Amino acid sequence: MRQVERHRTQRVGWLRPALPDAHDGVSDAQINPGLPASAGSGWSGELSAGDRSEIIAGLVGFDATISPKFFYDHAGSTLFERITRLPEYYPTRTERAIMQRHRREISLRISAGKTVIELGAGNCEKGKALCALIRPKCFIAVDISQDFLHRAVAGLQQALPKLEVRPVVADLMEDIVLPGDLPGGKRLVYYPGSSIGNFDPEPALALLRRVCRLVGEGGSLLIGVDLIKDQAVLEAAYNDAEGVTAEFNLNALAHLNRLIGSDFDRRDWQHVAFFNRQRSRIEMHLQASVNTRVCWPDGERHFRRGERIHTENSYKYDVDDFARVLDSAGFKQHVFWTDPRRWFAVFYAQV
Ligand SMILES: C[S@@+](CC[C@H](N)C(=O)[O-])C[C@H]1O[C@@H](n2cnc3c(N)ncnc32)[C@H](O)[C@@H]1O
């Protein structure tokens, strides 16, 4: 464990655009705790006009993209659970080991009686372990994958019947609107799994600033961060031998077909994942294996063989760089714990 005091030192190239001086024009969205839980854009219901435009703009753009949030229909969330158990996928295991090894210190630092808000809660397994350790009054599970979230929350409520458990379906790219009737007391945002790495540096910083304001003075953040390591280890984690990550990536096409009525044929696409060292990120793409035309009700795009759709980034940090991001977001002090190989870090940051 190492104490990192608030400081500003030299900044690293790939992060520089996100870390100009304190007030850098990244807009802080308004948090409105007085409104009811967000209806969000959970994937079970209607697709919002904004999400539809986002998907189509991504498909017709010069460099085609699909936002990683569209991975997480029910099948995608289930595939992600399988990924976390793969031998090559070290993050989940390593983060869990850090949390277990330092549980005493973590529970001492995080005082009881809090409301815990988990972002991207998924199956709520990590939230459950944290709640069993620190015994908060209330647990809010925030996720975009509506059906999966509701089932996970029901399971958590059964396992911890005394805990007040509330689901909030929301897109983390937007304002997080919490229920207005939450108990008072300090708030802790829990953001495990290194999901912060799925955001480019500027949106990641903007999200952390919103988190700062969501927890308020005296509030805190517990966050998992994947660290830079050997390229072969990184690339194996996203190219598992069983092909589950490939399946997860390709599932986004089936999800898009349902969401916008497109006619992607997954047999025309291949999973590609590699480490982009310059940008310190794993990139996942879907690559056309043939010339193919994809149509949807009011549009189409032709993809040449070999052309790619960029589906996910997973940024890998150095601990000092991530400490600077926390500084820049407005956290006053932070500590972190890591594993003996320094593959992953869990930061605890206070406002
Ligand atoms: C990589 S998984 C991590 C799940 C779990 N926290 C863990 O660590 O194993 C990312 C989770 O965030 C959710 N998610 C992805 N993009 C999101 C977004 N834009 N807004 C809200 N939730 C999102 C997904 O549905 C998924 O449950």
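Where is the place of Arg135? I looked that up before anything else. Arg135 sits in the loop between H5 and S3.

**Ground rules**

I'm working on a predicted model, where local features need pLDDT of at least 70, side-chain atom pairs count only at pLDDT 80 or more, and totals for chains, interfaces and linings use all residues. Residues are numbered from 1 along each chain as its sequence is written. My helices (H or I, at least four residues) and strands (E, at least two) are DSSP runs, numbered from the N terminus.

**Overall counts**

I get 10 helices and 13 strands for the protein. For burial I use C-beta atoms placed from the backbone: a residue is buried if 20 or more other C-beta atoms lie within 10 Å of its own, exposed if 12 or fewer, and partly exposed in between. On that scale, 44% of the 351 residues are buried. Two residues are in contact if their C-beta atoms, placed from the backbone, lie within 7 Å. Of the contacts with a separation of 6 or more, 74% are between residues 24 or more positions apart.

Most residues other than glycine have a negative phi. Arg135 is not a glycine, yet its phi is positive, about 45°.

I found Ser280 in the loop between strand S7 (269-276) and strand S8 (281-288). Buried or exposed, with 21 C-beta neighbours inside 10 Å? Ser280 counts as buried because of those 21 neighbours.

**Helix H5**

**Phe148**

Phe148 lies in H6. With 26 C-beta neighbours inside 10 Å, Phe148 is buried. Leaving out residues up to four places away in sequence, Phe148 touches His74 and Ser77. Ser77 is 71 residues from Phe148 along the chain, but their C-alpha atoms are separated by 7.0 Å.

**Around the ligand**

For the shell I count a residue as near if its C-beta atom, placed from the backbone, lies within 6 Å of the molecule. I get 19 residues around the ligand, the closest being Tyr72, Gly120, Gly122, Ile144 and Gly193. Which helix gives the largest share of the shell? Helix H2 (residues 74-84) does, with three residues.

For classes, Ala, Val, Leu, Ile, Met, Phe, Trp, Tyr, Cys and Pro are nonpolar, Asp, Glu, Lys and Arg are charged, and the others, Gly among them, are polar. The shell splits into seven nonpolar, eight polar and four charged residues.

**Helix pairs**

Axes here are lines fitted to C-alpha atoms, for helices over the stretch in contact, and angles run from 0 to 180 degrees between N-to-C directions. Under 35 degrees is roughly parallel, over 145 roughly antiparallel, 65 to 115 roughly perpendicular, and the rest oblique.

H2 and H9 (residues 244-260): the axes come within 9 Å and cross at roughly 170°. H2 is therefore roughly antiparallel to H9. H2 contributes Ala75, Gly76, Leu79, Phe80, Arg82 and Ile83, while H9 contributes Val244, Thr245, Glu247, Phe248, Asn251 and His255. By class I log six nonpolar, four polar and two charged.

H1 (residues 49-60) and H9: the axes come within 11 Å, crossing at roughly 125°. That makes H1 and H9 oblique. Arg52, Ile55 and Ile56 of H1 meet Leu256, Leu259 and Ile260 of H9. This contact has five nonpolar residues, no polar and one charged.

H7 (residues 201-215) and H10 (residues 319-329): they pack at about 55° with axes 8 Å apart. H7 and H10 are therefore oblique too. From H7 I list Ala204, Leu205, Leu208, Arg209 and Cys212, and from H10 Val325, Leu326, Ser328 and Ala329. Their classes are seven nonpolar, one polar and one charged.
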